[in-house]
Amino acid sequence: MAVERPFPPGAYPVVVVGSGPGGLQTSYCLRRLGLEHAVLSEDDGPGGMFRRFPLFERLISWTHPSADVPRGSRAFEAHDQNSLVADDPELGSLVLDYLGEDHRRPSRDEMGAGLAAFAERAAIDVRYGCRWESTRRDEDALVLVTSDGEYRCTAAIFAIGMTEPWVPSIPGLELSMHYVAVSKASDRYHDRRVVIVGKRNSAFEVGEAIVRSGLRELTLVSPRAPDLARLARSPLRPWYLTPYDEHVRGAPGRYVLNASVERVERREDAYLLHALDPTRLEALVVEVDDVIAATGFRAPLQDLPEIGVATVLDGRLPALTPLWESVTVPGVYFAGNITQAAQGLRKHGVASVSSMVCGFRYNARILARHVAEAVFDIRVERRRLEPTAVGSYLVDELDRAPELTMQKGYLARVLSVDERDGVLDQGILPLEVFVDGKNDGVAVTLEFDADETIRPVVYVRHCGALQETSLPPHPLRRYDDVVYRDTLERLLAPLLRLA
Amino acid sequence: MADAPVAERLAQLALFADLRWPELEAVAHTFEEEVFGEGQRVIRQGISGSAFYVVLEGEASVLVDGSKRARLGRGDFFGEISALTGDVPTADIQAETMLRCLMLPGAQLEGFLLEYPAVMLRMLHAEARRVREANRWR
């Protein structure tokens with residue numbers, strides 16, 4: 001029996017492209033706001049990148065069962081970095097159902113099953129097998145040309161992942177095999193000499209996997225030396241660092257080079273890789289049997305740059321506003337892990353976790369409300385707070401809000417304060433939106449300081465003047481005690497007199 | 001030019017003019033590229049934890065208490081004073097056009113300059129010129 005596919009070509013207020021976690025979360029949030037939209041995906045089922053990646057290892061994000069916190073609750077979200085979030089507790093924490101015994105981090109299949117369960121139980125409609133092929137502007141509308149026909153919309157939200165292999169323009173590197181094409185056969189690299197170009201997640205992941213297959217020699221090479229202090233705190237540490245550990249301890253045939261790759265050349269059955277180490281005069285030449293380019297991914301932006309979407313990192317990501325709109329083409333929004341392109345304040349260099357589900361699931365909720373309000377004039381009510389309740393509310397948020405725990409220094413709880421409306425809860429927003437805004441109010445976040453200690457930080461804008469106050473850290477990260485509440489109330493007293 | 005690899009674009013800037021190719025590549029991989037839309041702020045007066053930036057493309061304004069003091073363009077850099085002293089910035093830097101920068105977290109600037117003394121010397125020359133300009137107009 002033929003099943004009728006949803007969302008035939010036509011005009012829709014919003015079109016979402018993608019059925020990975022970013023697309024599913026965005027569609028769920030748009031629907032909660034009553035905003036009509038179509039969801040298109042070239043895949044034949046939900047899951048996005050988790051239908052293919054990671055190739056070998058488990059994810060680096062946790063899903064921890066908890067005896068104290070009910071699953072599906074808001075507080076549980078901090079225990080579960082992998083599930084999508086929902087207002088209905090039945091739809092939260094679904095990855096937990098598929099996690100094998102004794103596991104704390106899902107495999108690709110477990111993650112995919114959790115996402116598929118969300119799509120099914122939340123009844124997210126997607127037009128699968130519909131490939132977005134090109135884009136054009138038609139007066140105020142955007143037109144997405146797909147394999148099924150044309151879709152007109154006012155706002156398009158691209159949740160298309162960073163899934164396209166990216167290889168830098170180094171002569172001969174096109175001869176290499178990209179990470180995505182690496183064989184999973186356990187004996188493929190047995191007794192081989194392998195060089196991996198790159199030292200980020202996918203390089204270490206593939207290095208760790210092929211070390212186990214008994215290879216003869218493994219060399220990782222890229223220009224930048226690994227930042228060891230940072231690596232020690234990285235979620236990559238327990239899974240991916242065998243090659244690096246063996247290199248620093250001098251294991252035969254394990255090398256990590258900080259050198260720029262000049263070129264790769266074919267030599268009968270082998271390859272010669274020429275690399276320039278800034279500390280040496282002559283080039284290093286490494287003879288290997290296989291070259292793997294673990295040089296990362298780019299967003300499959302198709303022709304968006306041609307309609308004016310500015311990009312960053314050699315075209316790998318779109319340049320975004322703090323609310324994930326193209327900085328150059330209005331109405332073109334992004335969701336999912338592409339939202340990592342909006343950097344936020346990056347205090348002390350700390351990046352958001354918008355590249356991970358635990359970060360972008362919250363971005364999607366904020367984006368849906370922003371698009372509803374800014375593009376379609378759908379007004380979402382703000383909750384009013386009594387001035388006397390503000391201190392308790394904010395310490396409670398610092399203590400428990402999963403958005404603040406996950407997206408440190410990037411997302412904040414924001415309250416506006418003025419004479420007419422009093423204190424209004426503006427919700428969770430990117431901190432940058434409050435800091436660079438004009439309205440009086442307060443934002444609280446959790447941030448890493450210069451020593452990478454987690455601290456609550458309070459931003460108060462009163463009569464237009466912004467003041468930043470970093471509060472002391474708490475060893476058990478409990479901020480709902482009297483010291484924090486008193487400090488907050490003292491900081492807020494002049495502002496709250498307005499309300 | 002905007003499509004050229006970052007290392008090639010760095011080679012055109014005075015600050016990095018003394019570096020050889022593998023050093024330029026290492027620098028390009030040490031800094032991170034950021035793009036700001038027109039009107040977006042890059043550095044905020046009075047807010048801690050900011051970074052050091054080098055302009056690759058576009059223009060920015062220096063604003064003190066909201067009033068415009070100077071304009072920056074390709075090859076200019078900013079944020080080094082607060083990165084080196086640990087004090088909060090005394091001005092906003094705001095993108096006037098689409099602005100493409102390279103960013104180095106403030107805490108890493110000192111180590112970077114010690115590793116590349118030629119860049120430190122270039123930076124010192126630029127700072128000397130700024131001091132002379134400031135004194136001339138006092």
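This is a predicted model: local features need pLDDT of at least 70, side-chain atom pairs count only at pLDDT 80 or more; totals for chains, interfaces and linings use all residues.

The text that follows takes up domains, sheets, a helix pair, a hairpin and the contact of the chains in turn.

According to the domain assignment, domain 1 of chain A comprises 10–163 + 298–376, domain 2 comprises 173–295, and domain 3 comprises 383–496.

We turn next to a sheet of chain A. Four strands, in the order S3-S2-S7-S20, make up an open sheet in chain A, and their pairing is parallel. At the edges stand strand S3 (37–40) and strand S20 (332–334) of chain A, each of which pairs on one side only. From one strand to the next, the twist averages 20°. One pairing within this sheet may be followed in detail: strand S2 of chain A, residues 14–17, runs parallel to S3(A) and is joined to S3(A) by 4 bridges. Here Val16(A) has Val39(A) of S3(A) opposite.

Helices of chain A also pack against one another. What describes such a packing? Two packed helices are described by the angle between their axes and the distance between the axes. For helix H1 (residues 21–32) and helix H7 (residues 357–376) of chain A, the axes come within 8 Å and cross at roughly 35°. The crossing in which H1(A) passes H7(A) is right-handed. On the side of H1(A), the residues in contact include Pro21(A), Gln25(A) and Leu30(A), while H7(A) contributes, among others, Phe360(A), Arg361(A) and Ala364(A). Sorted by class, the contact of H1(A) with H7(A) holds 8 nonpolar, 3 polar and 2 charged residues.

Further along chain A lies strand S24, residues 441–448. Is this strand mostly covered or mostly uncovered? Strand S24 of chain A is mostly covered, with 7 of its 8 residues buried. S24(A) has strand S22 of chain A, residues 411–418, as an antiparallel partner, and 4 bridges join the two. In this pairing Leu415(A) is opposite Val442(A) of S24(A). S24(A) also pairs in the antiparallel sense with strand S25 of chain A, residues 454–462, over 8 bridges. Thr445(A) has Val457(A) in S25(A) as its bridge partner. Together S24(A) and S25(A) form a hairpin with 5 residues between them, and in the turn Glu452(A) has a positive phi of about 60°.

In chain B, 4 strands in the order S1-S8-S3-S6 form an open sheet whose pairing is antiparallel. Its edge strands are S1 (32–36) and S6 (77–78) of chain B, each pairing on one side only. S1(B) is joined by 5 bridges to strand S8 of chain B, residues 99–105, and the two run antiparallel. Glu34(B) stands opposite Cys101(B) in S8(B).

Lastly, the two chains meet. Their contact takes 28 residues from chain A and 22 residues from chain B. On the side of chain B that touches chain A, helix H2 (21–30) and S1 of chain B each supply at least two residues. Which element gives the most to that side? H2(B) does, with 7 residues. By class, this side of chain B has 10 nonpolar, 6 polar and 6 charged residues.

How values were computed. Residues are numbered from 1 along each chain as its sequence is written. Chains are lettered from A and ligands numbered from 1 in the order in which they are written. Two strands pair if DSSP finds at least two bridges between them. Axes are lines fitted to C-alpha atoms, for helices over the stretch in contact, and angles run from 0 to 180 degrees between N-to-C directions. Two residues are in contact if their C-beta atoms, placed from the backbone, lie within 7 Å. Ala, Val, Leu, Ile, Met, Phe, Trp, Tyr, Cys and Pro count as nonpolar, Asp, Glu, Lys and Arg as charged, and the others, Gly among them, as polar. A crossing is left-handed if the near helix is turned anticlockwise from the far one by less than a right angle, and right-handed if clockwise. A residue is buried if 20 or more other C-beta atoms lie within 10 Å of its own, exposed if 12 or fewer, and partly exposed in between; C-beta atoms are placed from the backbone. Domain bounds come from an automatic or database domain assignment.
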